[in-house]
Amino acid sequence: MMKYILLALAVLFALPVDAGEIRRANSFEDAYRATCRVTAGNSRGTGTFNGLTDDGAGIVTTNAHVVGNTSNVLLDFWTNGKQETVRGVVVARFFDARRPSDFAIVKVSRDDIARISPPFVALGGTNSAPAPNSYFYSAGAPKGRYVSAWIGRTLSDNMQGSFTFQPGPVPGQSGSAIISRIDGELWQTGVLTWLLGNEGADDSKGGAIPISALYAAASGRSQAVHSEGRIPEGAKECSDHFVAPAVICVTAPNCPPCVQAKKEVTSLLKNGVRVYLYQNDTPAGVTVAKRYSVQYTPTFILVNDKWQEEKRFIGAGHRDAIEFEYKKLVKDSDESIKLANDLNGFYIDLNDKPDIYEVAGPLDFLSESQKKWEERLKKNDVKPLDKEKDKKNEEKTGLIIDKIQKDVDALNVSIIDKIGVVIDAKLAALKRKLVALLILCATAGCGLWSILSKLSALILRKAGGALENGARAILSRGENGEK
């Protein structure tokens with residue numbers, strides 16, 4: 001009997017996972033969960049889960065310059081604070097060093113995508129580019145670390161085939177989705193691709209390619225449709241790379257010393273030490289732990305510019321020694337971005353290849369996405385970008401601001417009235433005390449009647465002036481705070 005039960009369980013667990021729980025993203029949090037970190041060779045960027053194919057496989061879009069020439073990539077999703085890693089296969093890449101075309105499509109197996117069940121962000125259609133001066137959602141993996149979400153705004157200096165936005169991105173955010181809320185629904189309307197200006201500068205901008213360029217590239221019409229489009233001047237690709245010398249830290253789940261080690265990693269990063277953190281129960285962590293023969297956790301490994309081990313620290317509590325040894329090694333080394341792994345070779349900068357059009361599988365998914373976009377238009381019978389509606393929203397925002405201003409003014413008047421009541425009450429109490437003192441002196445035949453009379457008048461004047469100055473100071477601080 002037990003044999004048949006075990007056989008039934010084996011068959012049950014061998015069946016494909018049901019992907020029925022995957023739903024469309026409809027909130028800022030959903031957009032975050034639909035975003036993943038992409039690791040390909042020595043390059044790291046960002047990707048977005050856009051839905052399922054007819055056979056239940058997942059589709060992730062990113063930049064071609066993120067995946068380079070690799071065929072297999074690692075995708076890290078974060079759900080409820082837990083990192084989930086799956087493998088992906090690059091099924092298409094389109095790159096043009098002269099025009100705005102820089103896309104890659106990654107396919108994830110049905111079972112893997114169903115296991116983590118992230119929400120998906122639907123691809124917009126061929127005419128879904130975000131309007132100038134409009135807000136959008138995005139999420140990415142800055143510096144190749146964990147995913148973080150943010151809100152940006154498109155600028156008015158958009159050009160054909162691409163558009164700009166602020167705040168400016170940082171390395172690791174290449175491939176991030178530009179997500180617009182249109183008619184109450186979230187749509188991916190572009191792909192973040194470039195940094196314009198200096199990283200971290202107040203005037204830095206980002207550059208993105210509208211999703212219409214992906215449809216054009218997939219149909220083989222990239223050059224014809226975007227023959228007049230151009231890449232923004234000074235644009236720099238925004239992917240992150242593994243660079244050595246570096247410190248590799250390998251941790252394990254449910255490991256108390258590893259908690260302290262992760263805090264030390266954060267401190268080292270703040271002090272300019274290049275640290276790569278891996279957990280030994282993830283595919284990338286297994287690869288690194290095997291390559292450097294890591295037996296204990298946490299382990300810190302200092303590697304030179306050839307990714308060869310120079311020194312090893314086992315356990316937590318070595319932060320200062322690690323920083324000292326790292327900075328000493330950097331002085332005698334040249335930076336290198338060559339890192340071998342199990343992901344089918346090295347990343348190659350696609351700028352060395354002016355035109356790439358590679359398709360390793362059917363792209364029916366894109367035509368289905370376009371149909372969904374068109375169905376939305378029929379359902380709502382409105383234009384994708386309703387400028388009249390935007391104008392009404394701006395007017396509505398102005399009315400709200402005016403109301404807030406009126407409420408603030410009313411509050412100031414109320415405060416003044418209350419302060420006046422307090423001043424009157426304090427003066428009345430002081431008068432009563434002074435009158436009582438004068439009566440006491442007169443009853444006792446005090447010879448200082450004249451002096452006390454003058455003194456009481458002076459005190460009343462001084463007290464009144466002090467209270468008035470205090471009230472003016474309070475009101476002045478309030479006005480300055482409001483401004």
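Which ring does arginine 24 lie over, and at what distance from the ring centre? That's tryptophan 187: arginine 24 lies over its face, 4.2 Å from the ring centre. Keep in mind, folks, that this is a predicted model.

There's another contact of this kind to look at. Arginine 44 has its charged end over the ring of phenylalanine 242, and the distance to the ring centre is 4.3 Å.

Okay, on to rings with rings. The count of aromatic pairs is eight. Let me take one, phenylalanine 49 with phenylalanine 120. Their centres are 6.4 Å apart and the planes sit at 80°, so we call this pair edge-to-face, given that anything over 60 degrees counts as that. What I like here is the sequence separation: the two residues are 71 apart, and the pair links distant parts of the chain. Phenylalanine 49 is in strand E2, residues 43-52, while phenylalanine 120 is in the loop between helix H4 (110-116) and strand E7 (122-123).

Elsewhere, ring pairs join Phe136, Trp150 and Phe165 into a cluster.

Now the nonpolar cores. The largest one has 23 residues, and Phe49 turns up again: along with Val38, Val60, Val67, Val73, Leu75 and Phe77, Phe49 touches the most other members. As for which elements give two or more residues to this core, we have strands E1 (35-40), E4 (72-79), E5 (82-96) and E6 (101-108), plus helices H3 (64-67) and H4.

And apart from that core there's another, with 20 residues, including Ile105, Leu123, Ile211 and Ala217.

Methods
Residues numbered from 1 in each chain as written. Predicted model: local features only at pLDDT ≥ 70, side-chain atom pairs only at ≥ 80, totals over all residues. Heavy atoms only, no water. Phe/Tyr/Trp six-rings, centres within 6.5 Å; stacked < 30°, edge-to-face > 60°. Helix = DSSP H or I, 4+ residues; strand = E, 2+ residues; numbered from the N terminus. Lys NZ or Arg CZ within 6 Å of the ring centre and 35° of its normal. Core = buried A, V, L, I, M, F, W, Y, C linked by side-chain atoms within 4.5 Å. Buried < 20%, exposed > 50% of the residue type's maximum accessible area, 1.4 Å probe, protein only.
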